[in-house]
Amino acid sequence: MKLLDFFKRKKVPPAKIGEETFKRKYQSFKNLLDANNAALEVMARLETIAEGDFVFDLQYIRTKTGLILEKCKEVIDELNVLTGNRYAGLVPVFEAVKTQIQNEVAPRSPQAEGAWTIPLSQVDRRLLWEVGSKNANLGEIRNRLHLPTPDGFVLTAEAYRQVLAENNLRADLAGFFQEAAPGNLDELAEKSRARRDLLLQAKIPARLLEEVKQLYDELSATLGYQPRLALRSSGLYEDQQFSFAGQFLTKLNVSLSQFFPSYLEVLASQFSPACLVYLAQKGLSHREMAMSVGCLAMVPARASGVLFTEDPTGSQEGRMVIHAAWGLGPTVVEGALNPDCYILAKGREITLLEQRISLKPVRLTAAADAEGLHQEPVPDREQKQPALAREEILLLGRYGVQLEEYFGSPQDIEFAVPAKGQVVILQSRPLIQSRPEAFPAPPVSDQPLLLDRGTVACFGVAAGPAYVITRDEDLVHFPEGAVLVARHTSAHYGLVLPRAAAMVVDIGSATSHLAILAREFKVPALVDTEIATQVIKTGQEITVDANNQRVYLGRAEALLRGQAQKPPLLSEMPVYQTLRRVLRWITPLNLTDPKLSDFNPEACKTLHDIIRFGHQMAIAEMFSLGEKADQEEAYMVRLKTPLPLNLYLIDLGGGIQRNRREPYVTPDAITSLPMRALWKGITHPKVSWAGPVAMNAKGLYSVFSRSLAAPSSQQSEFWLRTLAIVSKNYLNFSSRLGYHFATVDAYVSEVRTDNYISFRFKGGAADEYRRALRARFLGQVLKELDFEVEVTGDLVVARLARYPQQLMEEKLDLLGRLMACARQKDMVMSDEKVMEWYTRAFLEGNYGFEGEPR
Amino acid sequence: MAATIVIVDDEPDILDLLKLILTEKTPHKILTTTDPRQALEWCQSQKADVLISDLRMPELEGIELLKIIQQIDPNLPIILITAYGTIESAVEAMRHKAFDYIAKPFRKEQILLTIDKALKWRQEQLGG
């Protein structure tokens, strides 16, 4: 370390007892600061990249997150050296976050590579690239959360590759994905049919036949009977990046004799025209669409349904929504009938707020003597009964909260309730929500209203010619930009959804697969309108105002303004989604106020929290070292100053006049060259330290909303202690003024090649935009002062080196003035112009900012 | 003028992102593949005007691809994509007469600008 070299070379006067310990601790402190800075720098870089203008790959995310993890671990290790292992509790917290991050960027797992089949009892997210997201999540639910799931096994993506290889299909299929032209549905349908047929006739490798037989026998032994199976697709990118809701096949009630034909059908489902259109639309044409298949023992469901842990249409915060019906699940997710709807409040106590019981005349059951499902009438008296009992609803609510917490985002959960026994979870995936765009408004008067009812599946307004679908064959002729009008929410309609302007459906719920797809493609959609197919005719130009659940005849131009379709965004591509999911475990800061009781290792949820905690504790430790020291060894003194700085000095040697032994010193006792110079700037007569900065209402709101966003932050300790570690030629100055954090590390001597100033500044109280503007203000000024500057978001890093002593002192003086002037300036930085004005004002020496723009 | 641009990278993420950017921002025909041999074939059969290639690919190194292309069509500008911090490889690429290199991660404007320069250079070489 450069600093220790200085001490050796500069011959710091030898102190008595404790100096060696202090030096060692100081070295740890310094290492910790370095690791802290390095981690923050990479974090700022990743945040900038996540905004969406960059080209990068998963490897980049892996490298950078690896670096942040390494630096974060260094912070923990140095803190424990510094404090004699007082914060060993940070290690398990760190390891837990690390696992979450590594799960998101998991490379192929070496132990499972090559496995063709895996029992569900051995599956978790580490096997993501072998078993697909759906199976991996189910494994987590079963093996880590220990919630009830069906028993079963998984056929991996490698099994799929082996099937292709055995039948010489690999090259042919890879080429097919490249050629598929989503525009021509006729051609696409024909080509995909040919490929599907090839796959359906494929020969199964002998090894796969054997492994499945063995796993099935084991499963039968565990259950005590020979179960029928549910074969569920689990695409490698399904749910992980994109929903593919209802696009891949699920085969229910499959007997062992029909296992492989059904397996091939599931594999072939990715060659449906609907899937191909979906892929092309999402820009996923280069993916290896290897598919894993989950094989689960059928649950003889009395009732089943879906649970959304947030309202998918975003109209009510903190509400869970359950849709349920009699029998097996497809009734609900296919939208074949109106299910029961239960709404729960999601809080400390889960409570049932509302239930709407529908008439459920039919149900799907698994026939014991035949393959597939069987639809049967529900006895009259049961049709109007709730499909779920109250305890089942509340139990589901608790599972929902647990799953949402575990997976870190609102979830879309499928469940079944067996005839005997408790609720079973079938799958859990991230929920796609649609948010209201506008406040409710009265109908526009200049267009006839066709309908004004229904449930929002996706908010928005759009117009186009209506196209009423009565048979699946109609889909082939679906015109680009038309409004899809249909009786049911059949997942087959996903085929044309990317080309649809809007969607209106008679029957079906906002939780159906088609509704999920509508939200994913941002197609304004109304479901459950009851009468759409009666009042809307093919060819009519109509406007769908999903925001207000209305459909107008003609184009309601007033509503359509500003609703232009946007092209797909770079930031919605898979690698960006992965980065954002990873950042969720890295950048949010939950620990803000060290004075609050939850400022402890257990409260750390992200790497930023851990680093922040480590940094704060390290500074506290340095203070306490100073406080504990014998008077004779008084390393630490408080600086007597009227400024609200609360500044403490730790002298490593020659930084403060040694003949003083009071608990505080006055500024004239400072002999440290860099500290004197910086202090001169901080106390420049034209710099004002009085009172808060004047700001307009918007600036104030920006601070206010940020304070609300971080509820634990309190104003009580606005001026936290500032620490300056000094020697004759050295200064390390760390201050946390309000919400921002600034450090100056400098060395000033007659030997100009040793001289440097390093300045870092991050944070602020205002919103991101204003903080970034202040950072740029600092950056511009520092550039003018000859610093090398890097500004990333609200982080400023500036360096200057090898200037002669006198110039170094001048620069530190100016830096001191700048730090004082930049105080709280994020609140007044409302736009570029204001930022430019402040830059000029500072450079002109107008430190009081007289005539500042309002 | 619409040109033909061939892109090869073993990372599907890079192909997806580049295709999205170039389709939106340029009139060019964009062909993308993870297979260097396919790229080589396209360079000839599709009369490519620019080749964008990853430097490190498991099946055929970018430098090798570069050498082959140099022999077939010395006027085809090749832009190499390198991983951050592999400056030595970039230097080597330039020594083998790559038109330019671009280090990941990069901004979309950077690749657009580099492609423009490459297309101008090709026109000059062809005497256009």
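These legends walk through several close-up views of a predicted model. Local features here need pLDDT of at least 70 and side-chain atom pairs count only at pLDDT 80 or more, while totals for chains, interfaces and linings use all residues. Residues are numbered from 1 along each chain as its sequence is written, and chains are lettered from A and ligands numbered from 1 in the order in which they are written.

**View 1. Chain A as a whole.** Start with the big picture: chain A has 24 helices and 31 strands. Helices (H or I, at least four residues) and strands (E, at least two) are DSSP runs, numbered from the N terminus. Chain A has 854 residues, and 48% of them count as buried. A residue is buried if 20 or more other C-beta atoms lie within 10 Å of its own, exposed if 12 or fewer, and partly exposed in between, with C-beta atoms placed from the backbone. Now take the contacts in chain A with a separation of 6 or more: 67% of them come from residues 24 or more positions apart. Two residues are in contact if their C-beta atoms, placed from the backbone, lie within 7 Å.

**View 2. Helix H3(A) and two packing partners.** Two packed helices are described by the angle between their axes and the distance between the axes. Axes are lines fitted to C-alpha atoms, for helices over the stretch in contact, and angles run from 0 to 180 degrees between N-to-C directions. H3 (residues 58-83) and H18 (residues 574-583) of chain A pack at about 15°, with axes 10 Å apart, so they are roughly parallel. Angles under 35 degrees count as roughly parallel, over 145 as roughly antiparallel, 65 to 115 as roughly perpendicular and the rest as oblique. On the H3(A) side, look for Leu58(A), Ile61(A) and Thr65(A), which meet Val575(A), Thr578(A), Leu579(A) and Val582(A) of H18(A). With H4 (residues 90-104) of chain A, the angle is about 175° and the axes are 11 Å apart, so H3(A) and H4(A) are roughly antiparallel. That contact involves residues including Leu69(A) and Ile76(A) from H3(A), and Phe94(A) and Ile101(A) from H4(A).

View 3. Strands E13 (residues 411-418) and E14 of chain A pair in the antiparallel sense over 6 bridges. Two strands pair if DSSP finds at least two bridges between them. Asp412(A) sits opposite Arg429(A) in E14(A). The hairpin has 5 residues between its strands, and Gly421(A) in the turn has a positive phi of about 110°. How many residues of E14 (residues 424-430) are buried? It's 7 of the 7, so E14(A) is largely enclosed by the rest of the structure.

**View 4. An open sheet of 8 strands.** Reading across chain A, the order is E15-E22-E21-E17-E18-E19-E20-E16, with mixed pairing. E15 (449-451) and E16 (455-458) are the edge strands, each pairing on one side only. From one strand to the next, the twist averages 35°. Helix H15 (residues 513-520) of chain A packs on the sheet, touching E16, E19 (502-505) and E20 (525-527), and its direction makes about 55° with that of E16(A). Inside the sheet, E17 (residues 461-469) and E21 (residues 541-545) run antiparallel, joined by 5 bridges. Gly464(A) has Ile542(A) in E21(A) as its bridge partner.

**View 5. A parallel pair in chain A.** Here E24 (residues 647-653) and E26(A) pair in the parallel sense over 6 bridges. Gly653(A) has Ser727(A) as its bridge partner in E26(A). E26 (residues 722-727) is mostly covered, with 5 of its 6 residues buried.

View 6. UniProt, in an unreviewed entry, places the feature "modified residue: 4-aspartylphosphate" at Asp54(B). UniProt positions are given in the numbering used here, feature names are shortened, and annotations may be inferred rather than shown by experiment. Asp54(B) belongs to strand E3 (residues 50-54) of chain B. Is Asp54(B) buried or exposed? Asp54(B) is buried, because 23 other C-beta atoms lie within 10 Å. Setting aside neighbours within four places in sequence, Asp54(B) is in contact with Val8(B), Asp9(B), Asp10(B), Gly62(B) and Ile81(B).

View 7. Most residues other than glycine have a negative phi, and most peptide bonds are trans. Glu530(A) isn't a glycine, yet has a positive phi of about 70°. The peptide bond from Lys104(B) to Pro105(B) is cis, with omega near -5°.
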